[in-house]
Amino acid sequence: MGSFNLLRTALLVALITAFGFAATGFAPASDIPASIQPTSIQLAGSDASSRFVALGIGKSMVIDLPTDAKEVLVADPGVANIVLRSARRAYMIGKKIGQTNVFFFGHNGQQIAGLDIAVTRDLNGIRAALRRALPRADINVEGIGEDGVMLTGTVANAAESQLAYDLASRLVSSRNATTGTATGGSATTANASGASNTTSSTTSAGPNSGGAVVNGLIILGRDQVMLKVTVAEIQRDVVKQLGIDLNGSVGYGTTVVNFNTSNAFSAFGQPLSSSNVTGTFKSVSATLRAMERAGVIRTLAEPNLTAISGESASFLAGGEFPVPAGRTCDPATGICQDTIQWKKFGVGLSFTPIVLGEGRISLKILTEVSELSTEASVQIAGLTIPSLRTRRAETTLEVPSGGSLAMAGMIQEQTKQQINGMPGLMQLPVLGALFKSRDYVNRQTELMVLVTPYVVRAVAQKDLARPDDGFADPSDPASILLGKLNRIYGVPSKTAATQAYHGKPGFILD
């Protein structure tokens, strides 16, 4: 019996060796029986034909299959669970946030259906709130990650887009506070063409923080707003300077007293070019300095700006002046170079309009009127750096299209009076005027800003007029003999008058 087992083992080793030589190439593949040739691998189920399904935590979904199912494969039962109630109906239940997939197979082992499942937090509350607040908007709410929310679709204007974002942020923040989670995120808005631009970001550090809300809403029919601003200012200045300077000597016997008084004008900041009258009595000379000045400055600017609803626009009518900002020196060569910064001054305007709907416009506006002044000027390296007198107003207001509003009306009156003189003597009645100087300044300023926004549309170029329409240079005889600087022809868009005109047409007389 032992010899028989040994013979059987030797025969089995010989067969294995023979088949091994055939598999390693000693026998051609055509000589191998078809029953033992390797076959190609076939995929019975894959995500290539799977359908994406979003499911909330604790929510269920009913699935009807086209044919009877025999097997069900769930990649992660902890994310979503499948219950087969019949051969063609399955119940799917979301258990926790995550992603998984499910495959259904028939009796022949072929794939019937495939689902790519993303389980997120329930967003039906946010959808219902957005439908109630914006019934005419087409807004879709999708979950991103564990606590993120993305808004897609279309709204009528920027106000609806902002309202949808604020409402979603509040609801997401409340939901995360209830569950005790905290996330950080960024708010993103979309322009009219659908391209997204990040506008703000928030970082959450506590349980009451909001999650990430991405605003991908597209604004349809974005309006353009033209802002007409009138800046009118009147400045009245009255300056009076009166003083007496004494120079001489008084002696009695061997005692001689020399005096020289020069009373300054310090209220205005600098003496004016006054009228001087000098008189001499014996050894004493007196110089009377007197000046009175009155001035009026009128500033009028009417800038017009046009901007898309939600975008910003700015305007400046003025100039820039240089201000030293430091000095840099090369330690190797010892050469120093001054750094110059340019400061703007003039009439400036910056505004951001938002069309709220039905002709209502919300404006965030900043207007500024500034001018160069010698008051509070400084001397740096032999250069006189002037100061800026600035009047600025910044506010947010809401007006109808075509309505005007006085945004800022400022009335300022400043009076300064200063007396300088010799102590004691300047207090004498009547004669005290010889030993003192009086400087009086009165400044009155009244500024008014009128704001008028319009919702505007683009027009054809032929409907626009330029300031130089019809301008033509005068002829040499008209310029030399008559002193004409220009002549004006009829504007093409206007029809000529039918009645005869008596006079000298074709010129503007100054």
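The structure holds two aromatic pairs, where rings of Phe, Tyr and Trp (its six-membered ring) pair if their centres lie within 6.5 Å, and where planes under 30 degrees apart count as stacked, over 60 as edge-to-face and the rest as tilted. This is a predicted model, in which local features need pLDDT of at least 70 and side-chain atom pairs count only at pLDDT 80 or more, while totals for chains, interfaces and linings use all residues. Residues are numbered from 1 along each chain as its sequence is written, and side-chain values use heavy atoms, with hydrogens and water left out.

**Aromatic pairs**

- The rings of Phe-103 and Phe-105 have centres 6.5 Å apart and planes at 35 degrees, so this pair is tilted.
- Both Phe-103 and Phe-105 are buried, a word that means under 20% relative accessible area, whereas exposed means over 50% and partly exposed lies in between (1.4 Å probe, protein chains only).
- The rings of Phe-321 and Phe-345 have centres 6.1 Å apart and planes at 55 degrees, so this pair is also tilted.
- Phe-321 in strand S18 (residues 313–329) and Phe-345 in strand S19 (residues 336–357) are 24 residues apart, and their pair links distant parts of the chain; strands (E, at least two residues) are DSSP runs, numbered from the N terminus.
- Phe-321 is buried, with a relative accessible area of 7%.

**Disulfide**

- There is one disulfide, counted as a pair of cysteine sulfur atoms within 2.5 Å, and this disulfide joins Cys-329 to Cys-336 with an S to S distance of 2.0 Å.
- The torsion about the S-S bond of Cys-329 and Cys-336 is about 105 degrees, so the disulfide is right-handed.
- Cys-329 is partly exposed at 45% relative accessible area, and Cys-336 counts as partly exposed at 37%.

How values were computed:
Helix = DSSP H or I, 4+ residues; strand = E, 2+ residues; numbered from the N terminus.
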